[in-house]
Amino acid sequence: MKLAKTLMASVVIATGLGGVALAQDDTVTIGVSVPAATHGWTGGVNYFAQQAINRLGETYPNVEFVFASSPDSPKQIADIEDMVSTRGIDALVILPGDPDAMTSAIKQVKDAGKFVTVVDRQLSIDGVENLYVAGDNPGLGANAAEYIKERLPDGGNVVILRGLPIPIDQQRFDGFMGSIEGSNIMVLENQFANWNRDDGFRVMQDFLTRFPEIDAVWTQDDDISLGAIEAIKQAGREDEMFVVGGAGMQQIIQAVANGDALTPVDVSYSPAMIATAIELTTSHFTGGIQVAGRYILDSTLITQDNAEQFLDADSPF
Amino acid sequence: MSVSAPEIPAKARTGFKWDLKTVGPLAALALLVLLGITLNENFLTYNNITNVLARSSFIGIIAIGATFVITSGGLDLSVGSMAAVIAGVMIMVMNWLIPTFGIGWGVILAGMAAGILLGGVAGVGNGLMITRGRIEAFIVTLGTMGIFRSLVTFLADGGTLSLNFQVADVYRPVYYNGFLGIPYPILVFALVAIIGELVMRRTAFGRHCAAIGSNEQVARYSSINVDNVRLITYILQGILVAVAVLLYVPRLGSASSTTGVLWELEAIAAVIIGGTTLKGGYGRVWGTVVGVIILGLIGNILNLQSFISPYLNGAFQGVIIILAVLLQRPKRPS
């Protein structure tokens, strides 16, 4: 009885392995690893990643995807190790939650001979990834600054609600400050609002208490904008200033499209960049196209004229 | 073991003796107010004070519940995630009921009832696992913290749940308006605080909480139903989280996975600053109120000045928290 069971198990395992071995001959497996949906933007990343995987999975039956969404770096490292050791991936598309913590783990994937695509966040060592896909962070700040300069040619007072103290935030901030330099625009103060609506509300309330004259608010993120907008409305000062956010949340783009005076523009930094990265990586295997290199998506200024093309009713962000 | 138990009720009765332990949080609050006045002339304006108090009221109401939980020797780490999931479900219920009830207070009251019910059920769940399941409160609520947080992310599809615009318009005044110029959130916070203080000081339930937190075995021998008192503290906590959410939802009209992040730590910090012992056995609700206001003012003052780099905000907050507790530490046993 016991022998029979063992034999049966062996047969099952052997068949299974054979299946994998056969499949590996003509199948390409691509691992996709993203941070868990902890705020609106990463929620968008998860949505666009799933969408791209479904679409490409249908188009290319011989491409298989392994998707993982991880709440923190240790879990993300474990996920990509599993992808290499048990799922035998040929390529990895990764948006590292914390690039510094993830760098050596990603380098190991590369050293194991896999094609590596890094999205959005730069690793701490250069030359690990084959392909780098990202939005233009300094551009996000610079474009917001250019618009504010254009709207306030005679100068004016600006307050800044920043994200979290991480490199992306610094790049955006430096981009903004670099562009403002030499103009009559005066930055009254900057504070962290942690890419969070509640914090946006709180920090903006205090700025409104502190500064009697504010002409423009730069929040660098639309989640923060929504909190700041409520605070401005509560203080009844919506006619005195306008808010420039970033990232392209649907609710804000809709307001821009409707010609809302408080949010006249937005700057794109779309979570859809993950889909771009997955598409490019897939075409490396399916089309024999060279895709290695750097692919930087523009941080476009979204105005009432072009808002239509950024609207997507299904997007959660 | 038996030494500490009789000592505690005695301490509670001599609450108005002006020792450093009682004055500590008040002194820290006074120092902060002085600092605020020197740093910014708008600090004491009506608008600034009501802003700070109104937005602290969520944490305040939750922290009053936490005072009872912690006094009875428990801990609830799930309150922030619970608030997020209650806010999310309330919004979904209200949006879902619009076709039936139409736009108006009917929908909002139904949403509020759903919120309170959910808070109570979440409290029963936490409480039963801790008392009947005999699992550490830390572990149970660490688990439910993760569960609630994932649930809200799942319900919102990783994005944001937004209340129907017209309903939000009807509901908005609950946060932004007030009675006799005092915003409703502050009034509700004050009411909850007064009732909480009375319950803690003047009722058998309040004394039982302190007795259990001080020495569970002795409490059991004094024929206190330890499990039921504990269970009630968690239900109370759940319902108070829901009350806070009733005031939170009309502010931004939305819930997402960032709603209520780290509220559990803020609530616990407020309770401890207020003089309640983390080990349990002694709690004071008025202290918690002072603790909440201290935390609210720290954030406010940091935003009202530009000397401290925004990178150091966390450090500054930490220093104030430690100072407030240092001012009220018990005298060295001689």
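Good morning. In this model, 34 residues of chain B are in contact with 29 residues of chain A, contact meaning heavy atoms within 4.5 Å. The model is a predicted one, in which local features need pLDDT of at least 70 and side-chain atom pairs count only at pLDDT 80 or more, while totals for chains, interfaces and linings use all residues. Residues are numbered from 1 along each chain as its sequence is written, chains are lettered from A and ligands numbered from 1 in the order in which they are written, and side-chain values use heavy atoms, with hydrogens and water left out.

Let me stay with the interface. Chain B and chain A bury about 2,600 Å² between them, and 44% of that area is on carbon and sulfur atoms. Buried area here is the accessible area (1.4 Å probe) that two parts lose on being put together, summed over both. Three residues, B:Leu252, B:Asn303 and B:Tyr311, supply 22% of the area that chain B buries against chain A, more than any other three residues.

Charged pairs also cross this boundary. Side chains of opposite charge can pair when their charged atoms come close. The rule applied here calls a salt bridge when a side-chain nitrogen of Lys or Arg is within 4 Å of a carboxyl oxygen of Asp or Glu. It finds three salt bridges across the interface of chain B and chain A. A:Asp206 and B:Arg55 also meet in a salt bridge through their side chains, at 2.8 Å from N to O.

I turn now to chain A. Chain A contains ten helices and twelve strands; these are DSSP runs numbered from the N terminus, with helices being H or I of at least four residues and strands being E of at least two. Its C-alpha trace spans about 85 × 45 × 35 Å along the principal axes. Of the 317 residues of chain A, 54% count as buried. By the definition used, buried means under 20% relative accessible area, exposed means over 50%, and partly exposed lies in between (1.4 Å probe, protein chains only). The accessible surface of chain A comes to about 13,500 Å², with 52% belonging to carbon and sulfur atoms; such areas come from the Shrake-Rupley method with a 1.4 Å probe, and for residues only the protein chains shown count as cover. Among contacts in chain A between residues at least 6 apart in sequence, 72% join residues at least 24 apart.

As for annotation, an unreviewed UniProt entry places the feature "domain: Periplasmic binding protein" at residues 30-263 of chain A. UniProt positions are given in the numbering used here, feature names are shortened, and annotations may be inferred rather than shown by experiment. In the model, the end C-alpha atoms of residues 30-263 of chain A lie 40 Å apart, and the span is 47% helix and 21% strand.

Is A:Thr42 buried or exposed? A:Thr42 is buried, because its relative accessible area is 3%. This residue is found in helix 2 (residues 40-59) of chain A. Leaving aside residues up to four places away in sequence, A:Thr42 touches A:Pro35, A:Ala36 and A:Ala37.

Next, the salt bridges within chains. Over all chains, a search of the whole structure finds 18 salt bridges. In one of them, A:Asp111 pairs with A:Lys107, the closest N and O atoms being 3.4 Å apart. These two residues are separated by about one helical turn because they are four residues apart in helix 4 (residues 99-111) of chain A. A:Asp111 counts as exposed at 55% relative accessibility, whereas A:Lys107 counts as partly exposed at 35%.

A:Glu146 forms a salt bridge with A:Lys149, with 3.6 Å between the closest N and O atoms. Both lie in helix 5 (residues 137-151) of chain A, three residues apart, about one turn of the helix. A:Glu146 is partly exposed at 39%, and A:Lys149 counts as partly exposed at 23%. In another pair, the side chains of A:Arg162 and A:Asp169 meet at 2.8 Å, N to O; A:Arg162 is buried, and so is A:Asp169. In chain B, salt bridges that share partners join B:Glu216, B:Arg220 and B:Arg230 into one network.

Finally, chain B. B:Val93 lies in helix 4 (residues 79-101) of chain B. B:Val93 and B:Leu163 are 70 residues apart in sequence and 9.6 Å apart in space, C-alpha to C-alpha.
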